[in-house]
Amino acid sequence: MEQIEIFKALSNEARLQILEWLKNPAVYFSPQEGIDLEEIGVCVSQITEKLGMNQSTASQYLAILQRAGLITATRIGKWTYYRRNEDAINQVGLSLKKEFKKN
């Protein structure tokens with residue numbers, strides 16, 4: 001996990017919003033037939049719609065979050081589903097805490 005990629009990913013309000021929505025996807029997104037929002041993730045089309053952006057921009061934001069390791073993607077057929085990488089997010093928090101902890 002490259003710190004600079006993580007901080008770049010977190011430096012955008014829309015990307016932070018995506019991470020917030022994916023924390024509790026059932027609260028923010030409609031159920032999808034045969035897809036567990038918690039286990040598989042949320043379809044890119046639902047994220048795009050909620051952002052109110054075009055799919056190209058939303059896909060770029062998701063790619064940035066994925067490169068930073070903050071989300072994972074699962075492809076099922078022609079659809080891609082995204083979910084948070086909780087282990088990576090927790091590691092970022094621990095790393096920041098360690099880095100900035102007062103001695």
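## Sheet

Strands β1 and β3 run antiparallel and are joined by two bridges. Helices (H or I, at least four residues) and strands (E, at least two) are DSSP runs, numbered from the N terminus, and two strands pair if DSSP finds at least two bridges between them. The model is predicted: local features need pLDDT of at least 70, side-chain atom pairs count only at pLDDT 80 or more, and totals for chains, interfaces and linings use all residues. Residues are numbered from 1 along each chain as its sequence is written, and side-chain values use heavy atoms, with hydrogens and water left out.

Together the three strands form an open sheet in the order β1-β3-β2, with antiparallel pairing. Its edge strands are β1 and β2, each of which pairs on one side only. Helix α5 packs on the sheet and touches β2 and β3, its direction making about 120° with that of β2. Axes are lines fitted to C-alpha atoms, for helices over the stretch in contact, and angles run from 0 to 180 degrees between N-to-C directions. Contact means heavy atoms within 4.5 Å.

## Trp79 in β3

Strand β3 contains Trp79, which counts as partly exposed at 40% relative accessibility. The classes are buried, under 20% relative accessible area, exposed, over 50%, and partly exposed in between (1.4 Å probe, protein chains only). Leaving aside residues up to four places away in sequence, Trp79 touches Cys43 and Thr74. From Trp79 to Leu16 the separation is 63 residues in sequence and 23 Å in space, C-alpha to C-alpha.

## Helix α5

Helix α5 covers residues 55-67, 13 residues in total, and reaches 18 Å from its first C-alpha to its last, close to the 18 Å expected at 1.5 Å a residue. The expected span is 1.5 Å times one less than the number of residues. Ala58, Tyr61, Leu62 and Leu65 are the buried residues of α5. Viewed down the helix axis, these buried residues fall within an arc of 95°, so they line one face of α5. The arc is that of the directions from the helix axis to the C-beta atoms.

The buried residues of α5 pack against α1 (3-10), α2 (13-23), α4 (44-51), β2 (71-76) and β3 (79-84). At the N-terminal end, α5 is capped by Asn54, with a side-chain oxygen 3.2 Å from the backbone nitrogen of Ser56. A polar contact is a pair of N or O atoms within 3.5 Å; within protein, one must be able to donate a hydrogen and the other to accept it, and residues adjacent in sequence count only if both atoms are side-chain atoms. Just after α5, Gly69 has a positive phi of about 85°.

## Helix α4

In α4 the buried residues are Val44, Gln46, Ile47, Thr48 and Leu51. Their cover includes α2, β1 (42-43), α5 and β3. Just after α4, Gly52 takes a positive phi of about 70°.

Within this helix, Thr48 is buried, with a relative accessible area of 9%. Not counting residues up to four places away in sequence, Thr48 touches Met53, Asn54, Gln55 and Ala58. Asn54 is the residue that caps α5, and Ala58 is one of the buried residues of α5.
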